[in-house]
Amino acid sequence: MRQQSLFGDRERAAPLASRLRPETIEEFAGQQHLLGEGMVLRQLIERDQVCSMVFWGPPGVGKTTLARIIAHRTNAEFIDFSAVTSGIKEIREVMTRAEQGRLLGQRTILFVDEIHRFNKAQQDAFLPFVEKGSIILIGATTENPSFEINAALLSRCKVFVLNALTPDAMVSLLKRALGSERGFGGIPVEIEDDMLERIAVFSNGDARVALGTLEMAVLNGERDGVKTVVTPRVIEQCMSRKSLLYDKNGEEHYNLISALHKSMRNSDVDASVYWLARMLESGEDPMYIARRVTRFASEDVGMADSRALEVSVAAFQACHLIGMPECAVHLTHAVTYCALAPKSNALDAAYFAARRDALESLAEPVPLVIRNAPTKLMQDLHYGEGYEYAHDTEEKMGAMQCLPDSLAGRRYYLPTDQGSEARVREWIAKLNAKRERLLSEAKASGAASKDRLKPEPPE
């Protein structure tokens with residue numbers, strides 16, 4: 001005998017997320033900042049006055065669904081286009097059709113899913129048709145439009161940001177799925193509210209993940225002939241591993257490394273370790289993190305605690321030698337040390353100040369006194385003349401100006417009073433005072449020598 005399916009027809013055999021896809025603005029979950037009463041996007045849709053726009057947001061927040069709601073509400077021809085399967089040829093065919101429609105007074109709305117996958121040439125193909133109104137372009141993307149969409153095309157589109165669904169909005173969606181005829185309505189399902197809340201948190205703001213998890217839990221629930229009971233054990237199995245939103249080459253990659261760096265800079269060790277874990281568990285290359293932490297050790301800690309660089313380099317070597325998952329603890333060691341260390345950006349500031357002078361000031365020659373003179377010709381040209389070997393002097397410092405004349409006296413490294421750098425600041429102050437005294441004495445001595453060599457005036 002053929003086993004009876006939980007769903008009795010083909011429509012119910014479709015995935016829950018597909019069956020429950022909203023068909024009206026009222027059914028749409030979340031995004032009240034765009035679709036609430038009186039909000040701009042809602043008014044544009046209700047009045048059928050949509051303009052070219054881009055929906056930007058993480059997966060599963062309703063970008064494609066919103067486009068389909070617009071398709072149902074508009075009097076324009078609606079063309080669904082995929083950046084994954086379409087090329088220049090398909091774009092031109094659609095544009096030709098849209099232009100013919102415009103001449104006949106017909107509006108055309110072109111929806112492009114994953115528009116960020118189009119290259120520059122493909123995006124440029126849309127531009128003239130958007131400009132003259134042949135099409136109203138609606139693009140959907142999970143990537144930052146500022147980086148992924150041509151500036152000329154983006155300037156002609158209104159960007160609407162869709163946010164990840166909140167846990168409360170997700171719980172409401174899950175409850176609707178349990179009660180709706182398009183969901184599990186008519187099928188008695190027993191599931192505790194705290195389990196729905198766990199699914200909501202697990203889904204990470206993605207409605208597809210939440211509905212898919214709920215569907216899996218119900219299909220694997222315990223049946224007693226009357227109802228389906230979803231137990232904590234089933235929920236555990238359906239949420240064995242959380243899928244973290246991450247793209248190693250996209251904006252989220254840079255958002256997370258920025259969060260790690262700024263948390264360490266702010267001496268927030270708990271936040272630092274959290275962002276480290278987010279990156280590693282999302283599949284980030286530990287060597288990339290190790291390089292950034294090593295950079296941080298000099299950029300943001302520097303001479304305030306030089307041990308930070310040693311710890312970071314050691315962690316870098318550990319990552320190289322043993323890899324994940326073992327090296328996670330070594331990176332935690334380095335991140336924790338850097339977060340707790342006293343902070344100074346004096347080294348970073350010193351380099352960029354010197355870099356600015358090196359690039360923008362006159363490229364003066366190296367002072368003769370500190371040039372090397374390996375040949376007689378160089379010696380005859382006064383290379384190295386007057387050079388004092390610091391180790392042979394009583395002060396362990398020669399009376400020499402090592403910077404070009406136009407930069408004499410310039411100070412690049414300005415130590416702070418943080419950690420060990422406070423002692424460094426005192427030491428540099430002593431060295432600078434000693435150097436100024438030696439240069440002043442050498443100058444006075446040179447002037448006296450010149451006076452002695454001057455011929456005496458005739459009587």
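Trainee: Why is Arg411 called partly exposed?

Mentor: Its relative accessible area is 38%. Buried means under 20% relative accessible area, exposed means over 50%, and partly exposed is in between, with a 1.4 Å probe and protein chains only. So 38% puts Arg411 in the partly exposed class. Before we go on: this is a predicted model, where local features need pLDDT of at least 70 and side-chain atom pairs count only at pLDDT 80 or more, while totals for chains, interfaces and linings use all residues. Residues are numbered from 1 along each chain as its sequence is written, and side-chain values use heavy atoms, with hydrogens and water left out.

Trainee: What makes Glu436 and Arg411 a salt bridge?

Mentor: A salt bridge is a side-chain nitrogen of Lys or Arg within 4 Å of a carboxyl oxygen of Asp or Glu. Here the N to O distance is 3.2 Å, so the pair qualifies. It links distant parts of the chain: Glu436 is in helix H21, Arg411 is in the loop between H20 and H21, and they are 25 residues apart. Glu436 has 48% relative accessibility and counts as partly exposed. For the element names, helices (H or I, at least four residues) and strands (E, at least two) are DSSP runs, numbered from the N terminus.

Trainee: How do you know that Glu395 and Lys434 form a salt bridge?

Mentor: The N to O value is 3.9 Å, and the limit is 4 Å, so the pair counts. Glu395 lies in the loop between helix H20 (376-380) and helix H21 (421-453) and Lys434 in helix H21, so the contact ties together parts that are 39 residues apart in sequence.

Trainee: Are Glu395 and Lys434 buried or exposed, or something in between?

Mentor: Glu395 is at 28% relative accessibility, which makes it partly exposed. Lys434, at 21%, is partly exposed too.

Trainee: What is the distance for Glu131 and Arg156?

Mentor: Their closest N and O atoms are 2.7 Å apart, and they form a salt bridge. Glu131 belongs to helix H7 (residues 120-131), while Arg156 sits in the loop between helix H9 (151-154) and S5, 25 residues apart. Glu131 counts as partly exposed at 47% relative accessibility, and Arg156 does at 37%.

Trainee: How many salt bridges does the structure hold?

Mentor: There are 21.

Trainee: Why is Ser155 called exposed?

Mentor: Its relative accessibility is 56%, so it is over the exposed limit. Ser155 lies in the loop between H9 and S5. Ser155 and Val189 are 34 residues apart in sequence and 49 Å apart in space, C-alpha to C-alpha.

Trainee: Which residues make the negative patch?

Mentor: Asp168, Glu192, Asp193, Asp194 and Glu197 gather there on the surface. Patches are made of residues with over 30% relative accessible area and no salt bridge; like charges are joined within 9 Å, and nonpolar side chains (Val, Leu, Ile, Met, Phe, Trp, Tyr) within 5 Å. Helix H11 (residues 193-202) gives the largest share, three residues, and Asp194 is found in that helix. At 45%, Asp194 is partly exposed.

Trainee: Which residues make the nonpolar surface patch?

Mentor: Val366, Ile370, Tyr387 and Tyr389 make it, and the patch is about 380 Å². Areas come from the Shrake-Rupley method with a 1.4 Å probe; for residues, only the protein chains shown count as cover. Tyr389 is in the loop between H20 and H21, and at 45% relative accessible area it is partly exposed.

Trainee: What makes strand S1 and strand S4 a pair?

Mentor: Two strands pair if DSSP finds at least two bridges between them. S1 (residues 53-56) and S4 (residues 136-141) have four bridges in the parallel sense, so they pair. Met53 has Ile138 as its bridge partner in S4. S1 is also joined to strand S5 (residues 158-161) by four bridges, again running parallel, with Val159 in S5 as the bridge partner of Val54.

Trainee: In what order do the strands of the open sheet come?

Mentor: The order is S6-S8-S7, three strands with mixed pairing. Strand S6 (189-190) and strand S7 (222-223) are the edge strands, since each pairs on one side only. Two bridges join S6 to strand S8 (residues 228-229), running parallel.

Methods. Lys, Arg positive; Asp, Glu negative; His and termini not counted. Charge placed at Lys NZ, Arg CZ, Asp CG, Glu CD.
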